[in-house]
Amino acid sequence: MSSPRGPGETIPLIGFGGNHYAARETDIALAGRAAWGHIAHTREVAGMDAAMIRQMAALSSAEVAYIDRKAFQGGMLSKKYPFFSMILVFPGFRRANCG
């Protein structure tokens with residue numbers, strides 16, 4: 001994160017995986033200070049590329065990317081979606097593996 005946050009301030013995130021109910025993302029928001037900008041449904045991730053991730057992050061002013069690992073089949077992330085590893089190289093960005 002770029003700077004300390006005061007009480008009530010949120011942390012902007014983007015997310016990958018899950019369904020249209022976004023249950024895990026909702027739990028994260030309710031338990032902390034997460035403010036979701038964009039969340040890509042599991043079925044949409046296959047059609048994404050690095051440019052789309054950058055756009056999601058920019059439009060959301062996201063500082064963190066959450067990857068819902070439970071929403072993807074075993075080994076699917078590294079084989080089918082190698083661009084996820086690029087998330088960490090975006091300036092000011094870190095990845096949260098909370099799922």
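These points concern a helix, a strand residue and the salt bridges of a predicted model.

1. Helix H3 covers residues 50-60, and Ala50, Ile53, Met56, Ala57 and Ser60 are its buried residues. Viewed along the axis of H3, these buried residues fall within an arc of 120°, so they line one face of the helix. An α-helix has 3.6 residues a turn, so residues three or four places apart point the same way. Ala58 and Leu59, on the other side of H3, are exposed, while the cover over the buried residues includes strand S1 (11-16) and strand S2 (34-40).

2. Just after H3, serine 61 adopts a positive phi of about 55°.

3. Valine 64 belongs to strand S3 (residues 64-67) and counts as buried because its relative accessibility is 4%, which is under 20%.

4. Two salt bridges are found in the structure. In one of them, aspartate 68 pairs with arginine 24, with 2.8 Å between the closest N and O atoms; this pair links distant parts of the chain, since aspartate 68 lies in the loop between S3 and helix H4 (76-80) and arginine 24 in helix H1 (residues 23-31), 44 residues apart. Aspartate 68 is buried at 1% relative accessibility, whereas arginine 24 is partly exposed at 33%.

5. Glutamate 44 forms a salt bridge with arginine 43, the closest N and O atoms lying 3.4 Å apart. Here glutamate 44 is partly exposed at 45% relative accessibility, and arginine 43 is exposed at 59%.

Technical notes. Residues numbered from 1 in each chain as written. Predicted model: local features only at pLDDT ≥ 70, side-chain atom pairs only at ≥ 80, totals over all residues. Heavy atoms only, no water. Helix = DSSP H or I, 4+ residues; strand = E, 2+ residues; numbered from the N terminus. Buried < 20%, exposed > 50% of the residue type's maximum accessible area, 1.4 Å probe, protein only. Arc of directions from axis to C-beta. Contact = heavy atoms within 4.5 Å. Salt bridge = Lys/Arg side-chain N within 4 Å of Asp/Glu carboxyl O.
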